[in-house]
Amino acid sequence: MAMDLRQVVAAILTMSMFLMFGNMIKKDHIDPLLVMSLDIQQGMLKVSKHSLVKLAGSSGPWKEDDEAMRPCWKKLYKMKKGEQTNGYISLSLTKGPEYHALQIANAIMIAKHLGATLVLPDIKGAKVSEKRIFGEIYDPQKFTTSLDGVVQVVKDPINQQVGEKVIIVKVPERVTEKFISAHIEPILKKKKQVRLTSQYQSSNLTKAKEIGDYLNPYGCVAMFGSLDLQPQLKELVDSMVRTLRFLSWKSSAGKFITVDVKVEEFKNKLSCQRNDTTSKEYCYGAEEIGQFLEKIGFRKGTTVYLTQTEWHESLQPLRKYFPNTFTKDAVMPIDLKARYLDSGNFEYEKFIDFYLCMHSDVFVATTMNMFYNNVAEMRIASGKTQILIPAKKLSTSAADYLSPHILKKNHMAYSCLCKI
């Protein structure tokens, strides 16, 4: 049987790239440019009727995505163009992306209630010196457009006097109209500007339904319409997703798992969960995660991404079960590492992890914290509902480890979104 020359060339190129690809895995760094080339080769092969290389079907407890959901929250009163502002509300986004939408929701509610203008926030890291303008992380145009007609948004307050002291008000996790009237409105009337700072309860995971009942529709606007990564950072995350998908091309048809696990959290027993029946605490490190994923049926060739920034020797046991386990330093383009990982002055990795965990086929949370809670809401919106919580159970079915947010539909996302 005659063979198309294009097939031969494509097969040779693909085999050569796979050899280079194997060498990169050994060195613990994957070059996204090679992945893009391989993607092109895949496209060439798929066009041919007599392809020399065939994709293996996905095998394991993978779940098909649900349908994406659409916004269905109550419409907010629209401002008239040119409506007079009663002052300015400003704030810094703090504590990482999992908290930002809640902070924005409070600010929208306050500005809306008082007829004030919202100042485009800046972003602070864990250290006092770590500070970025909004546009270095998020898309300011998307933010402004999403709030068009709801509240006015400006980059800086108009006619602010140089050196003028701005009053800072600590707002609770769930601000109320009563709090606004008592603690913010009098200051705004007098000073025309108030700066917000958030305070949180000792537990960093408030009941999702309580937040949903309280913040809707302001929380809905903030969480599902206002915060997108700025284009360069979004392209970086997209390139890492493409790399991880290719790593699972043969074993799992391009599907991959993200696991939220940090070495320090495990050492300090922060990634532990209490068994309701026995009252015992079970902690999930590399060995336990590997055992869990193997028990519920994921194949050894499955690609696993960990939110730990750099590879640590304590993670090695996980590669015994899943050799294709990587951290972000292995799948990030080398030329971007200096900017996003090695700069030492801003925690970009938090944003990268948050959005990677949103887009993976399976998300595994070793602890139920705010990161888990807010990744879950975005996955519910996109239909990626295979969110697993490891537990000491005998069951080998992945369905028995689904997040309560999915099983009970008790997340605030369900009060904001409807099926299409």
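1. Phe-134 and Phe-143 are both buried. The model is a predicted one, and it holds 10 aromatic pairs. In the pair formed by Phe-134 and Phe-143, the ring centres are 5.0 Å apart and the planes meet at 55°, so the arrangement is tilted. Ring pairs also join these two residues with Tyr-138 and Phe-351 into a cluster.

2. What is the geometry of the pair Tyr-340 and Tyr-348? The ring centres of Tyr-340 and Tyr-348 lie 5.0 Å apart with the planes at 85°; since edge-to-face applies to angles over 60 degrees, the pair is edge-to-face. Tyr-340 has a relative accessibility of 2% and therefore counts as buried. Tyr-348, at 4%, counts as buried as well.

3. The largest nonpolar core has 79 residues, and the members that touch the most other members are Ile-89, Ile-110, Tyr-138, Ile-184, Leu-196 and Ile-352. Helix H3, residues 97-114, supplies the largest share of this core, with nine residues. Apart from this core there is another, of 24 residues, which includes Val-259, Ile-289, Leu-306 and Val-362. As general background, nonpolar side chains in soluble globular proteins tend to be buried together.

4. With residues up to four places away in sequence left out, its contacts are Leu-93, Pro-97, His-100, Ile-123, Leu-227, Asp-228, Leu-229, Gln-230, Phe-351 and Tyr-355.

5. Gln-230 is placed in the loop between helix H7 (218-226) and helix H8 (231-247). Its side chain reaches the backbone oxygen of Glu-136 at a distance of 3.2 Å. Leaving aside neighbours within four places in sequence, Gln-230 is in contact with Gly-135, Glu-136, Ile-137, Tyr-138, Asp-139 and Arg-339.

6. Ile-289, a member of the core of 24 residues, lies in helix H11, residues 286-295. With a relative accessible area of 2%, Ile-289 is buried. Beyond residues up to four places away in sequence, Ile-289 touches Val-259, Val-261, Tyr-284, Leu-318 and Thr-366; of these, Val-259 is also named in the core. The C-alpha atoms of Ile-289 and Val-364 are 9.0 Å apart in space, while the two residues are 75 apart in sequence.

7. Although not a glycine, Lys-95 has a positive phi of about 70°. Lys-95 is in the loop between strand S2 (88-93) and H3, and its relative accessibility of 42% means that it counts as partly exposed. Lys-95 lies over the face of Tyr-99, 5.0 Å from the ring centre.

8. The charged end of Lys-393 sits over the ring of Tyr-401, at 5.2 Å from its centre. Lys-409 has a positive phi of about 50° although it is not a glycine, and is located in the loop between helix H17 (404-407) and helix H18 (413-416).

9. Where is Gln-152 found? Gln-152 is in the loop between helix H4 (140-146) and strand S6 (153-154). Its relative accessibility is 31%, so Gln-152 counts as partly exposed. Gln-152 and Thr-117 are separated by 35 residues in sequence, yet by 4.9 Å in space from C-alpha to C-alpha.

10. Finally, some values for the whole chain. The secondary structure comprises 18 helices and 16 strands. Of the 420 residues, 49% count as buried. Among contacts between residues at least 6 apart in sequence, 74% join residues at least 24 apart.

How values were computed:
Residues are numbered from 1 along each chain as its sequence is written. This is a predicted model: local features need pLDDT of at least 70, side-chain atom pairs count only at pLDDT 80 or more; totals for chains, interfaces and linings use all residues. Side-chain values use heavy atoms; hydrogens and water are left out. A nonpolar core is a set of buried Ala, Val, Leu, Ile, Met, Phe, Trp, Tyr and Cys residues joined through side-chain atoms within 4.5 Å. Buried means under 20% relative accessible area, exposed over 50%, partly exposed in between (1.4 Å probe, protein chains only). Helices (H or I, at least four residues) and strands (E, at least two) are DSSP runs, numbered from the N terminus. Contact means heavy atoms within 4.5 Å. Rings of Phe, Tyr and Trp (its six-membered ring) pair if their centres lie within 6.5 Å; planes under 30 degrees apart count as stacked, over 60 as edge-to-face and the rest as tilted. A charge sits over a ring if NZ of Lys or CZ of Arg is within 6 Å of the ring centre and within 35 degrees of the ring normal. A polar contact is a pair of N or O atoms within 3.5 Å; within protein, one must be able to donate a hydrogen and the other to accept it, and residues adjacent in sequence count only if both atoms are side-chain atoms.
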